Amino acid sequence: MEQLLIHTDRLNNQQDSMLATITRLCDINSGTLNVAGVERVSNALVKLFEVLGGDLQLIDTDPWTVVGDDGKRTEQKLGKIIHIIKHPDAPKKVMLCIHCDTVYGIDNDFQKCQMTAGGQLNGPGVADAKGGLIVMLEALKTLEASELAGKIGWEVIINPDEEVGSPGSASFLRSRASGCDFGLLFEPALPGGGLVSWRKGTGNFTFVVRGKSAHSGRDFASGRNAIVALARLMDEIDQLNIEPDVTYNVGRITGGGAVNIVPELAVGRVNVRVCNLEQQSGVEIDFADLVEKYNQLDGISVELTGSFSSPPKALEDNVKPLQNRITQCAEALGIDVTWQGTGGACDGNKFASAGLPNIDTLGPCGGHIHSVHEFLIPESLVPRAKLASLILLSYAAEA
Ligand SMILES: [Zn+2]
């Protein structure tokens with residue numbers, strides 16, 4: 001390990017230039033649904049990653065069907081996936097992946113970066129995950145600049161839709177999982193610098209309830225109230241919150257119109273989190289039962305869409321060697337590494353469910369992600385780039 005450290009010296013003075021590149025990327029809005037903005041960031045990333053060589057392709061995402069508040073299904077356009085393959089004939093291969101979209105839409109007030117008085121970079125996507133993109137880039141540059149380049153092959157996937165659950169890129173991620181030995185994903189490290197060992201699984205579910213409209217004065221009895229049925233259904237779902245491991249969040253309801261009309265449509269949206277596949281199938285069975293029960297009500301129909309897009313990521317035995325490698329690399333660099341679980345899900349869940357062991361928080365340290373207070377700790381950029389470099393170098397040295 002010690003003799004590999006010298007290769008990471010090239011990163012010693014890179015903090016300012018990494019910070020400048022991250023700022024440039026974050027000042028371009030790439031909210032998932034801002035496809036033009038995602039494309040601009042994507043173009044900038046292609047220029048940055050082209051210097052690594054390798055076969056770079058832009059891949060179309062799958063169509064994403066969304067259910068609107070009017071209960072109708074429409075297709076939502078998403079950006080493209082950047083896919084790079086280098087040294088495909090090497091016997092060992094590593095997957096590196098992170099997303100380029102953010103949660104901040106084009107109409108959000110939070111659009112530009114600024115340095116805070118405390119010396120942090122505050123801006124949309126600085127930690128989640130444009131900082132991670134640049135950490136990943138610098139790690140690959142370090143590997144390719146060393147004499148170990150070519151000892152291992154690698155693949156990069158940069159997807160444009162992680163913040164909405166990767167509906168358009170999940171099938172591509174899964175299709176590439178089996179070709180690599182392990183995966184490194186560059187979501188931000190936890191605020192104290194910790195890495196994530198296990199993650200809950202998550203799914204979003206939409207219940208479209210249809211009843212029958214009627215005049216509330218003249219013809220009330222012939223109406224069938226979709227809002228009331230939905231409210232009862234959502235209450236039953238909320239009452240499933242009996243064990244802390246499995247949570248049901250009734251997150252959004254819409255429906256109705258003028259108050260003198262019995263409402264014929266109501267839509268309820270629920271986010272569910274589970275720790276294991278058994279809990280996941282339990283939820284699926286409970287939801288199917290509830291839909292059947294409410295479909296038997298006179299004049300009411302219920303339609304359910306959604307699924308567990310990110311299955312739970314348990315701490316499997318096959319990820320332990322990678323964890324050990326990361327701990328050793330961190331020790332060599334004098335970085336403290338702690339491991340903890342989280343209720344949040346990411347593309348690491350999808351790779352894990354497709355059989356690819358991975359660690360998914362190798363990005364820089366930061367916090368308050370998904371809020372206007374999102375920040376990145378500039379001093380973490382070089383150490384995290386060195387850590388990712390050393391993981392690759394140590395694997396290459398064994399090849
Ligand atoms: Zn992220």
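**View 1. Helix 7 and helix 9 lie oblique to each other.** Here oblique is the label left over once angles under 35 degrees (roughly parallel), over 145 (roughly antiparallel) and 65 to 115 (roughly perpendicular) are set aside. The axes of helix 7 (residues 320-333) and helix 9 (residues 381-398) cross at roughly 120° and come within 9 Å. Axes are lines fitted to C-alpha atoms, for helices over the stretch in contact, with angles from 0 to 180 degrees between N-to-C directions. Helices (H or I, at least four residues) and strands (E, at least two) are DSSP runs numbered from the N terminus. The contact residues divide into 10 nonpolar, 1 polar and 3 charged.

Before moving on, a word about the model: it is predicted, local features need pLDDT of at least 70, side-chain atom pairs count only at pLDDT 80 or more, and totals for chains, interfaces and linings use all residues. Residues are numbered from 1 along each chain as its sequence is written, and side-chain values use heavy atoms, leaving out hydrogens and water.

**View 2. The zinc ion is held by H99, D128 and E187.** The donor atoms, NE2 of H99, OD of D128 and OE of E187, sit at 1.8 to 2.1 Å. Donors are N, O and S atoms within 2.8 Å of the metal (3.2 Å for Na, K and Ca), and sites may look incomplete because water is not among the atoms. D128 belongs to helix 3 (residues 126-145) and E187 to the loop between strand 9 (182-185) and strand 10 (195-199), so this pair ties together parts 59 residues apart in sequence.

**View 3. Helix 1 packs against helix 3.** The axes of helix 1 (residues 15-26) and helix 3 are 10 Å apart, at an angle of about 135°. Look for M18, T21, I22, L25 and C26 of helix 1, which meet V126, K130, G131, I134, V135 and E138 of helix 3.

**View 4. An open sheet of 4 strands runs in the order 13-15-11-16.** Its pairing is antiparallel, where two strands pair if DSSP finds at least two bridges between them. Strand 13 (247-255) and strand 16 (301-310) are at the edges with a single partner each, so one side of each has no neighbour in the sheet. Strand 11 (residues 201-210) is joined to strand 16 by 8 bridges, and F207 stands opposite L304 in strand 16. Helix 6 (residues 277-295) packs on the sheet, touching strand 11, strand 13, strand 15 (265-274) and strand 16.

Definitions and conventions. Nonpolar A, V, L, I, M, F, W, Y, C, P; charged D, E, K, R; others polar. Contact = heavy atoms within 4.5 Å.
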